[in-house]
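Subject: Structure handover

Dear colleague,

I am passing on the structure below, followed by a summary of what was found in it. Please read the summary with the coordinates open.

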Amino acid sequence: MRGSSMPDIGAKNELVVLDAIRSAPEGSSQSEVVRRSGLSRQAVSLITRRLMERGLVETDGTLSAGRGKPRTVLRVVPSSLLAAGVHLDPTGITLVIVDLGANVVAEKALGPPGSDPDAGVARIAAGLEELLATMYEDGWRTPGGQSAREALLGIGVAAPGGLDWRRGVLVDPPWMPDWWDTPLVEMLSRATGRTALLDKDTNAALAAEIWAGERLSEQTLLYVYVSVGVGSAVSSAGRVQRGSTTQAGEIGHLPTGLDGPVCGCGRRACLSTFTDVHAMLHRIDAAESAADGSAGNSDWREAAVAAAGIDVDELSSASLEADGERLDALLAAATSGDRLAARIAQEHGTALGEALRTLIGIHDPHRVIIGGPYWRALEPFAMPQVLERALQGSGGRRGVTISSSAFGDDVGAIGAATLYLGRELSPTVR
């Protein structure tokens, strides 16, 4: 496969104009683009014309604002370009193809990474080829007539830290020891014939929010990623802050100030002792072992079966049971009214809220966004506690907003694709 390039759109001013138009999903007038870009009206008019000739921008009616001539509305053409995103997670590989609006146009689940990086990369390459072939057979084309293969810019990959995003190497990702020291970008580029980049899944999730959200590149954002563990990412002026070794945002050992167990790091009540999935399951197992039956329903696992479709016998066997499945069962039980399961989920929110109160004081964000694979299920129980704790004191006075991500479980893969789009098309990243 041949990779796509953007030699004609590489000029900084063109990227500035494209970004000004793209970051207003409902459309933007030329006057607004002039204001946001800082370029002259003549320059914006010339650049806009070139972008329209390439099929990246289109007009979409007019906008009347009082006296004067109605203003023409400019919008990007989402289907004019594509990027692929891969989320390499210990529980499974997710592959997506997204358009310029971060809309998923094709996706595929590839199963766990396995113990052989070469075989895993080969599966990713084959999966991408399969998606492109299916889109071709389905007749997908850009407005200019290009196939998905021709419109695809490249591949972004999101993975848990630690990794080296500059070299594109997985250093020591947790729960994936067979993938340590894997030059993933080099391997994937060789297997697909496409350029690729690598970043942490927390950074990728934040990148998706920035790319798809209106004017979010102008704000300071704090993103909290709720998965097997909890991590965070921060951006300012559209740039994700990675730190010197791509380890910024590792908040698992942030003290919560709560009455909790001693963490493996030697301190008491770290965030991870309340929010890591394994820790949550350990807490409910310990509570059930010590309970006399009054703390909750002893049959919470059985109560969860109907809602979650999980086999009880499998739940009793650690060798066959994934932590994710057990968390699904726990949350299904909480939804069914089990008090102990609900309490564990609420404690997750309380601890996260205390951690956020500290992080808000450190980063002073305009907005906090919470997302990730497990947040949607935890949100009904955890969000009230998050809001109560996080907005105490100066956090509430600053007017920071806390909300859940609009993206679902695929946010890691979607974010990886938007990271690549940002590298190619964002003036703040290039």
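Among contacts (heavy atoms within 4.5 Å) in the chain with a separation of 6 or more, 62% are between residues 24 or more positions apart. This is a predicted model, in which local features need pLDDT of at least 70 and side-chain atom pairs count only at pLDDT 80 or more, while totals for chains, interfaces and linings use all residues. Residues are numbered from 1 along each chain as its sequence is written, and side-chain values use heavy atoms, with hydrogens and water left out.

The chain holds 16 helices and 15 strands (DSSP runs numbered from the N terminus, H or I of at least four residues for helices and E of at least two for strands). Of its 430 residues, 52% are buried, meaning under 20% relative accessible area with a 1.4 Å probe, protein chains only.

Helix 14 (residues 375-390) spans only 17 Å between its end C-alpha atoms, whereas a straight helix of 16 residues would span 22 Å (1.5 Å times one less than the number of residues). Helix 14 bends by about 60° at phenylalanine 381, with proline 384 following within four residues; the bend is the angle between axes fitted to the seven residues ending there and the seven starting there. Its buried residues include Phe381, Met383 and Val386.

Five strands form an open, mixed sheet in the order 6-5-4-7-10, where pairing requires at least two DSSP bridges between two strands. The edge strands, each pairing on one side only, are strand 6 (104-111) and strand 10 (196-200).

Best regards

Note on methods
Buried < 20%, exposed > 50% of the residue type's maximum accessible area, 1.4 Å probe, protein only.
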